[in-house]
Amino acid sequence: MSPASSLPEASVATLAASPAQAATGLLAPEAPGGLVPRLQKLAASFASGPVSVAPLSPRAVDLVIPTAAPAELVEGQLRALLGEAGAPVDVIVQPLRGRRKQLFLADMDSTMIGQECIDELADFVGLKEQVSAITERAMRGELAFEPALRERVSLLRDLELAVVDRIIAERLTLNPGARELVMTMRANGAHTCLVSGGFTVFTGPVSEKIGFHEHHSNVLEVVDGKLTGRVSGPVLGREAKLATLVRLREQLGLPPEAVMAVGDGANDLDMLLEAGLGVAYYAKPAVAAAARARIEHTDLTTLLFAQGYREEEFVR
C-alpha cells in the first residue's frame, strides 16, 4: 500500500487536459509559477499535511490532499482558479479510497457516440430539424422523456429499417476515449453496461464496437421491414436507467461508491446522482450543475485518470 493510499482521510484531485495540450507543459508538475504548483498551493489551504503530486500522463496529474474538507468545496476552489487562469483543464475531486470503480454505466447518444440516433433516423424522412428540437428540449428536461420519445418515434412511421445500417456505417462516430475507457475498466475486472433511451438497433452494434458487457435500450416496432412509428414495450427512460444501476449494483454485491456513471441529458440525472461518481459529459446546463463531476474540456479517458490509471495502462 502506498503512503498516499494509507491516509485515513484524503481526497484526490485529478486534473486533465486534452491530448492536444500534452506537449504544451500545461500540467507540468515542476514548472516554476506554473498551473500545477499554484493549484497545489491552493489545495494546501485545505490540507492537514503535505499535498503530493502524482503525474499520470503528460496531460494529467493527481493532487493527493490529506483533508476532511468536502470534495465539493475543494473542487469548487480549484475550478475557480482554473477559470481565472483560462486553463482548459477538467478537475474531479473525490475520496482517495475507493476511487477505482467496479461497475460502469454509460449513456450512448452524445456521450459514448457523437450523435443522437433518433435525429439521424428523422433525417431520412426529412424531419431532422423538427425532431432535433424536441430531442434538445427533452434532454434539457423541458419535456417529459417518454411522451417526447413516443412523439418523435411516431414521425418515423414507414421508414425502412435498412437505413439503420447506413446510419451506423456512415454517420455514427465514437467519442474520443470511449473504447479505451471501457476496455481498460474491463481488463481490470469492472462490469460495464450501456444504458440508453435510444434503440436496440443502435445500442447492440455500438456496445459491441466499444466493448460493453451488456446494453439496454428501447425496441422499435417493425413490421415488414418498416418502422410502425411505435416503441415495443415500456419506454426505457430516466427511471429505468436508475433501476438498471441499482439492479446491477445489487447483483454484483457492490457498495454505492464502487459505481461510476456518465451521461449528458436530463434522463441520465437520477443515474448520475445514485452513482458513487456521476459524471456529466458536455452536458445540458441543469445536468452539469447537479452532477457530482463534469467533463467540459477533455475526452472520456479523463474518467480513467480519475480512477488513478496512468496513460500507459490504457487498453487501446
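Q: What makes the pairing of the side chains of Asp264 and Thr111 a polar contact?
A: The two side chains are joined at 3.2 Å, and a polar contact is a pair of N or O atoms within 3.5 Å, where, within protein, one atom must be able to donate a hydrogen and the other to accept it, and residues adjacent in sequence count only if both atoms are side-chain atoms. The value of 3.2 Å is within the limit of 3.5 Å, so the pair is called a polar contact. This is a predicted model, in which local features need pLDDT of at least 70 and side-chain atom pairs count only at pLDDT 80 or more, while totals for chains, interfaces and linings use all residues. Residues are numbered from 1 along each chain as its sequence is written, and side-chain values use heavy atoms, with hydrogens and water left out.

Q: Why is Asp264 called buried?
A: Its relative accessibility is 1%, and buried means under 20% relative accessible area, exposed means over 50%, and partly exposed lies in between, with a 1.4 Å probe and protein chains only. Because 1% is under 20%, Asp264 counts as buried. Asp264 is placed in the loop between β9 (259–263) and α10 (269–274), where helices (H or I, at least four residues) and strands (E, at least two) are DSSP runs numbered from the N terminus.

Q: Which residues are in contact with Asp264, leaving aside its neighbours within four places in sequence?
A: Contact means heavy atoms within 4.5 Å, and the residues that meet this limit for Asp264 include Asp107, Asp109, Glu116, Tyr281 and Lys284.

Q: How do you know that the structure holds 0 disulfides, taking Cys117 as the example?
A: A disulfide is a covalent bond between the sulfur atoms of two cysteines. Here the cut-off is a pair of cysteine sulfur atoms within 2.5 Å. For Cys117 the nearest cysteine sulfur, that of Cys193, is 16 Å away, which is not within 2.5 Å, so Cys117 is in no disulfide. Cys193 is likewise in no disulfide, its nearest cysteine sulfur being that of Cys117. Cys117 counts as buried at 1% relative accessibility, and Cys193 is buried with a relative accessible area of 0%.

Q: What makes Asp224 count as exposed, and what is its phi?
A: The relative accessibility of Asp224 is 75%, and since exposed means over 50%, Asp224 counts as exposed. Asp224 lies in the loop between β7 (214–223) and β8 (226–232), and it has a positive phi of about 55 degrees although it is not a glycine. Most residues other than glycine have a negative phi.

Q: Why is Val89 called buried, and where is it found?
A: Val89 is found in strand β4 (residues 89–95), and its relative accessibility of 3% is under 20%, so Val89 counts as buried. The C-alpha atoms of Val89 and His297 are separated by 6.1 Å, although the two residues are 208 residues apart along the chain.
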